[in-house]
Amino acid sequence: MGTQPLSPAACELVADEVTPGSVGFVTALASEARALTRRSLRVRTALPLEQGSVLWLSGMGQQAARDGALALIDAGVTALVSFGVAGGLAPGLRSGTLFCPSCILDERSHDYQPDASWRAALIRSLATTGLPFVNEGTLLSLPAPLLSVAEKGAMRERHQALAVDMESAAIAAVAGEYRIPFIVLRAIVDERTDNVPAELQTSIDAWGRPRAGRLILSVLRHPGLLAHLPGLAARMNKATGALRTAAKVAGTDLARAARQPC
């Protein structure tokens, strides 16, 4: 499936299909978005899903995620989901583990609390999947990725977070500004003891798609990078497979319809 920008007129056409009051998903990567839909993807565009939900493929980073959350609210959604992969910080947190954090923490130590009743409904639903699942603990959300074991260890020691991503705090902040509920569902991709070569990180675009020329050049300069590719691909497949199962079991509203009052 391709990912390419739409014209402003086309964006307005898709946004017109969004059901007011629906759940809005913000995903950074194309591989994360594909866990929710088989439709052709468009970046920075409101894409309707089943059950009246809507997807926004934002690209990586805080500003991209914030822009996506604001665009979804403009399109009429009244609840937000940060959905995708995360890096493990806690020892023993394995690739493919689903994580529904009870707290989101940003780089300034501001914390955000997901909607309690919605989160409880999602936890009940995901308990039936049989997948590794953690439903308590903090997700740290930073402006830049943590690629080395040393960086992960330092952030783990400083914040005691279980995992790290780059988008959830920005989405949570928008939800707080507009006083609408949000939840976070992430799947662990790289583990606490995994080093991710910086050369590979810079060989993908904002949506996680390979930049072929840059990747080839990096491999030519650093042939040892080839040894990392199969493991990285396998961990990503495991993580996105867990997200796909979660969406299938909980629905594309992530059990929001099943929530109960606290």
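Is Glu177 buried or exposed, or does Glu177 count as partly exposed? I found that Glu177 counts as partly exposed, at 46% relative accessibility. For this term I took buried as under 20% relative accessible area, exposed as over 50%, and partly exposed as in between, with a 1.4 Å probe and protein chains only.

Basis of the entries. I worked from a predicted model, in which local features need pLDDT of at least 70 and side-chain atom pairs count only at pLDDT 80 or more, while totals for chains, interfaces and linings use all residues. Residues are numbered from 1 along each chain as its sequence is written, and side-chain values use heavy atoms, with hydrogens and water left out.

Entry on salt bridges. I counted a salt bridge where a side-chain nitrogen of Lys or Arg lies within 4 Å of a carboxyl oxygen of Asp or Glu. The count comes to 9 salt bridges by this rule. I looked up Glu177 again and found its salt bridge with Arg66, where the closest N and O atoms are 3.0 Å apart. Arg66 belongs to helix H3 (residues 62–75) and Glu177 to helix H6 (residues 168–178), so this pair ties together parts 111 residues apart in sequence. Helices (H or I, at least four residues) and strands (E, at least two) are DSSP runs, numbered from the N terminus. Arg66 is also partly exposed, with a relative accessible area of 27%.

I next took Asp165 and Arg186, which form a salt bridge with the closest N and O atoms 3.2 Å apart. This pair links distant parts of the chain, with Asp165 in strand E10 and Arg186 in strand E11 (residues 182–188), 21 residues apart. Both Asp165 and Arg186 are buried.

I then noted that the side chains of Arg108 and Glu107 meet in a salt bridge at 2.8 Å, N to O. Glu107 is partly exposed, with a relative accessible area of 30%. A network of salt bridges links Asp106, Glu107 and Arg108.

Entry on cysteines. I required a pair of cysteine sulfur atoms within 2.5 Å for a disulfide, and the count comes to 0 disulfides. Cys100 is buried, with a relative accessible area of 0%, and Cys103 counts as buried at 13% relative accessibility.

Entry on pockets. On a 1 Å grid over the protein atoms alone, I took a pocket as an open set of points where a 1.4 Å probe fits, with protein on both sides within 12 Å along at least five of seven lines; lining residues have an atom within 4 Å of a point. Grid points are joined across faces, edges and corners, and a volume is the space filled by probe spheres set on the points.

The largest pocket holds about 950 Å³ of space. Its lining has 37 residues, and those nearest its centre are Leu29, Val189, Gln201, Ile204 and Met236. Helix H9 (229–250) is one of the elements that supply at least two lining residues, and H9 gives the largest share, 5 residues. By class I recorded 23 nonpolar, 6 polar and 8 charged residues, where Ala, Val, Leu, Ile, Met, Phe, Trp, Tyr, Cys and Pro count as nonpolar, Asp, Glu, Lys and Arg as charged, and the others, Gly among them, as polar.

The second largest pocket holds about 370 Å³. Ala35, Leu36, Thr37, Arg38 and Glu50 are the closest to its centre among 15 lining residues.
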